[in-house]
Amino acid sequence: MIAALAGFVIAVISRFQYVGIALLMAVESACVPLPSEIIMPFSGYLVSRGELKLWLVSLAGAVGCVIGSWLAYAIGAWGGRPLVERYGRYLLVSHRDLDLADRWFQRHGDITIFIGRLLPVVRTFIAFPAGVARMPLWRFTAYTFLGSLIWCWGLAWIGVKLGEHWDTLGVYFHRFDAVIVALIALGAGLYVWRHVRHARRA
């Protein structure tokens, strides 16, 4: 499953480049489990090969995040938390994830949108409570864009550095590829199991 997901991401970016990056990051920011930790580093790898530009890759990722976050914001603003709780489980959005995002937003206010975009898990779901609270859209957009730009640039930069040293690192990646795939699969399995367990408890 993980290999198929990674293959899909790579195929989309290889074919559609910046548009593909924006599309994939929009899907990820709309709370669909499509990890930016695969999308942006691979984009950075293409930068190291001279096929893309780092600043355009980062910009495309941030724009995609804003577009996807608008959708999540709209769902929170129009349907409220009951709608998210009712249908979120189909996208592996648990009550616990929503509670975590809610606590962050209530505790730190609007700036949470910027900070949350730099934190795994929180960044994916933080748009919902902002929508429920009817945070001004222009401020939500600005914070989302700035935080996402930093996040996307950082992940893409890691991909650039990996690509620049691929001749050396590639040997180790291929040697331990079975271990890496097993660890990723284990992490994905735990992620799904955690959501199913919390859903059953709820």
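## Helix H2 and the residues after it

In this predicted model, helix H2 has 13 residues, which at 1.5 Å a residue should span 18 Å. Several residues of H2 are buried, including Ser36, Ile39, Met40, Pro41 and Phe42. Ser43, Gly44, Leu46 and Val47, also in H2, are likewise buried.

Just after H2, Gly50 adopts a positive phi of about 80°. A search of the whole structure finds one salt bridge. In general, side chains of opposite charge can pair when their charged atoms come close. Arg49 counts as exposed because its relative accessibility is 51%, and the cut-off for exposed is over 50%. Glu51, with a relative accessible area of 39%, is partly exposed.

## Overall architecture

The protein chain contains ten helices and zero strands. Its pattern along the sequence is therefore α-α-α-α-α-α-α-α-α-α. Of its 202 residues, 39% count as buried. Among the contacts in the protein chain with a separation of 6 or more, 75% are between residues 24 or more positions apart.

## Nonpolar cores

The largest nonpolar core comprises 22 residues. Ile13, Ile21, Leu24, Met25, Ile39, Met40 and Val57 are the residues with the most contacts inside this core. Two or more residues are contributed by each of helix H1 (2–29), helix H2 (36–48), helix H3 (54–87) and helix H8 (137–164). Of these, H1 gives the most, with seven residues.

What does Met25 touch, not counting residues up to four places away in sequence? Its partners are Ser36, Ile39, Met40, Gly61, Gly64, Cys65, Arg123 and Cys152. Apart from this core lies another, of 13 residues, among them Phe125, Ile126, Ala127 and Phe140.

## Aromatic pairs

Three aromatic pairs are found in a search of the whole structure. In one of them, the rings of Tyr73 and Phe140 have centres 4.8 Å apart and planes at 35°, so the pair is tilted. This pair links distant parts of the chain, with Tyr73 in helix H3 and Phe140 in helix H8, 67 residues apart. Both Tyr73 and Phe140 are buried.

Are Cys65 and Cys152 buried or exposed? Cys65 is buried, with a relative accessible area of 0%. Cys152 also counts as buried, at 0% relative accessibility.

A disulfide is a covalent bond between the sulfur atoms of two cysteines. The closest cysteine sulfur to that of Cys65 is in Cys152, at 4.2 Å, which is too far for a bond. Seen from Cys152, the closest cysteine sulfur is that of Cys65, again at 4.2 Å. The cut-off for a disulfide is 2.5 Å between sulfur atoms, and by this rule the count comes to zero disulfides.

## Ser58 and its contacts

Ser58 lies in helix H3 and counts as buried, at 2% relative accessibility. Leaving aside neighbours within four places in sequence, Ser58 is in contact with Leu149, Cys152 and Trp153. Ser58 and Trp151 are 93 residues apart in sequence, yet their C-alpha atoms are 8.4 Å apart in space.

Most residues other than glycine have a negative phi, and most peptide bonds are trans. Gln17 is found in helix H1, and its phi is near 50°, a positive value in a residue other than glycine. At 32% relative accessibility, Gln17 counts as partly exposed.

Terms used
Residues are numbered from 1 along each chain as its sequence is written. This is a predicted model: local features need pLDDT of at least 70, side-chain atom pairs count only at pLDDT 80 or more; totals for chains, interfaces and linings use all residues. Side-chain values use heavy atoms; hydrogens and water are left out. A nonpolar core is a set of buried Ala, Val, Leu, Ile, Met, Phe, Trp, Tyr and Cys residues joined through side-chain atoms within 4.5 Å. Buried means under 20% relative accessible area, exposed over 50%, partly exposed in between (1.4 Å probe, protein chains only). Helices (H or I, at least four residues) and strands (E, at least two) are DSSP runs, numbered from the N terminus. Contact means heavy atoms within 4.5 Å. Rings of Phe, Tyr and Trp (its six-membered ring) pair if their centres lie within 6.5 Å; planes under 30 degrees apart count as stacked, over 60 as edge-to-face and the rest as tilted. A salt bridge is a side-chain nitrogen of Lys or Arg within 4 Å of a carboxyl oxygen of Asp or Glu. The expected span of a helix is 1.5 Å times one less than its number of residues.
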